[in-house]
Amino acid sequence: MRIAVDAMGGDLGPLATVAGAASAVVADPHLELRLYGPAGRLEDEISRLPRHLAAAASRLQVSDAPDVIRQDQRPSDVLRHGANTSMARMLGDLAKGEAEAGVSAGNTGALMALSRRALGTVAGIPRPAISTAIPTRREGRCYLLDLGANVEASADRLVDFALMGEAMARHIDGLPSPRLALINVGVEGTKGTVSVQQADELLRRLPDLNYLGFIEGDGIFSGEADVVVCDGFVGNVVLKASEGLARMLVQRVQSAFGAHWSGRLVGLLARPALRRLKNELDPVRYNGASLLGLDGIVIKSHGSADATGFHYAVGRAVQEVRHDLPRRLAAELVHCRPGAAGVVSAGKGPRHHAPAPVSTTAVGDRQQEQR
């Protein structure tokens, strides 16, 4: 399996991406990675890998890409002038079939724009959504989407997110009937924006969905749902806030045990449990967000991810390749998404960009339902 890696993205650049890529290769003997960026710089990073990762060098290929996309660069500028960047060349080779997935920690807007142009979308999806798994009670997890690709989302787009997230949970996690919910400011039918209320109406009409209705913010981490849907503004705020809260809780617990001699004694006894808690809450374990809806697999790593975090992002790409996720999404969305018939590409043939939205014209004033 070959994965293409934009090695110049992220806050730490190739220092983190090359080490994370090498770690992923060491962990998976069937994996090869192609790294994109200035050849000399990447080769230098590979030569300086620590001893336990040095064996990975033979399965790390370097593809020269002289230019780098800045984190503050506008997507429109990248589309016009970014052909020689590490991100664009990585996606170009992915589109040509020279790799089975792409991973980048770079500029999210640029990655979304370049991915759409290079790969297109499946089943008439007009805009992909960003989704990642977050931890829930009893060591579970749920998929949250969208996380920022669509700051505002109509009812049609929210339905698209729901269908893609539900399909991903079934195929990646093996859930026979994933529980699906919409984020709202309350569970009452009178609350929420018009688009959220219309999406609720549409989702109730679709057969074979295990749709629970509305869920409030505190329900995301309760384990009540396997897929939670919202617009990109809400999703991004929830994700960043939960990451900050997880780090704060771990730090507070560590500080509490270290404040007094009695606490340090208890801390020694509780060290295995504390280590397990830290691992469960650590956002690094969940690094790697899917750009769902593309006619190909693209994973967005957190910009601040270190080598360990980037390793997890590569692992996410491998998981989606093994489950052939875009083809499965395409095959399912063409049947359950009205108007999508005839535009499925499933990773083969011409790319399709034309939207085919679910109509909301018949929704009108939503009739209230007892929950």
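Colleague: Leaving aside neighbours within four places in sequence, which residues is His-171 in contact with?
Modeller: This is a predicted model, and in it His-171 sits in helix H6, residues 155-173. His-171 is buried, because its relative accessible area of 16% is under the 20% cut-off. Beyond its neighbours within four places in sequence, the contacts of His-171 are His-323, Leu-325, Arg-328 and Glu-332.

Colleague: Which side chain joins that of His-171 in a polar contact of 3.2 Å?
Modeller: Let's go back to the contacts of His-171, which include Leu-325 and Arg-328. The polar contact of 3.2 Å runs from the side chain of His-171 to that of Arg-328.

Colleague: Why do the buried residues of helix H2 line one face of the helix, and what is their arc?
Modeller: Helix H2 covers residues 39-47, and its buried residues are Ala-39, Leu-42, Glu-45 and Ile-46. They line one face because, seen down the axis of H2, they all fall within an arc of 130°.

Colleague: What is on the other side of H2, and what covers its buried residues?
Modeller: On the other side of H2, Gly-40 and Ser-47 are exposed. The cover over the buried residues of H2 includes helix H1 (14-27), strand E2 (32-37) and strand E3 (60-64).

Colleague: How many residues apart in sequence are the parts tied together by Arg-179 and Asp-226?
Modeller: Side chains of opposite charge can pair when their charged atoms come close. Arg-179 and Asp-226 meet in a salt bridge of 3.0 Å, N to O. Arg-179 lies in strand E7 and Asp-226 in the loop between strands E8 and E9, so the pair ties together parts that are 47 residues apart in sequence.

Colleague: Which residues are linked with Lys-96 in a network of salt bridges?
Modeller: Start with the salt bridge between Lys-96 and Glu-98, at 4.0 Å from N to O. Lys-96 is exposed at 60%, while Glu-98 is partly exposed at 33% relative accessible area. The network links Lys-96 with Arg-34, Asp-93 and Glu-98.

Colleague: What is the area of the nonpolar surface patch made by Val-151, Phe-233 and Val-237?
Modeller: Take Phe-233, found in helix H8. Phe-233 is exposed, because its relative accessible area of 52% is over 50%. Together with Val-151 and Val-237, Phe-233 makes a nonpolar surface patch of about 290 Å².

Notes. Residues numbered from 1 in each chain as written. Predicted model: local features only at pLDDT ≥ 70, side-chain atom pairs only at ≥ 80, totals over all residues. Heavy atoms only, no water. Patch = residues over 30% accessible without salt bridge, like charges linked within 9 Å, V, L, I, M, F, W, Y side chains within 5 Å. Areas by Shrake-Rupley, 256 points an atom, 1.4 Å probe, with all protein chains shown as cover. Salt bridge = Lys/Arg side-chain N within 4 Å of Asp/Glu carboxyl O. Helix = DSSP H or I, 4+ residues; strand = E, 2+ residues; numbered from the N terminus. Buried < 20%, exposed > 50% of the residue type's maximum accessible area, 1.4 Å probe, protein only. Arc of directions from axis to C-beta. Contact = heavy atoms within 4.5 Å. Polar contact = N/O pair within 3.5 Å; in protein donor to acceptor, adjacent residues only side chain to side chain.
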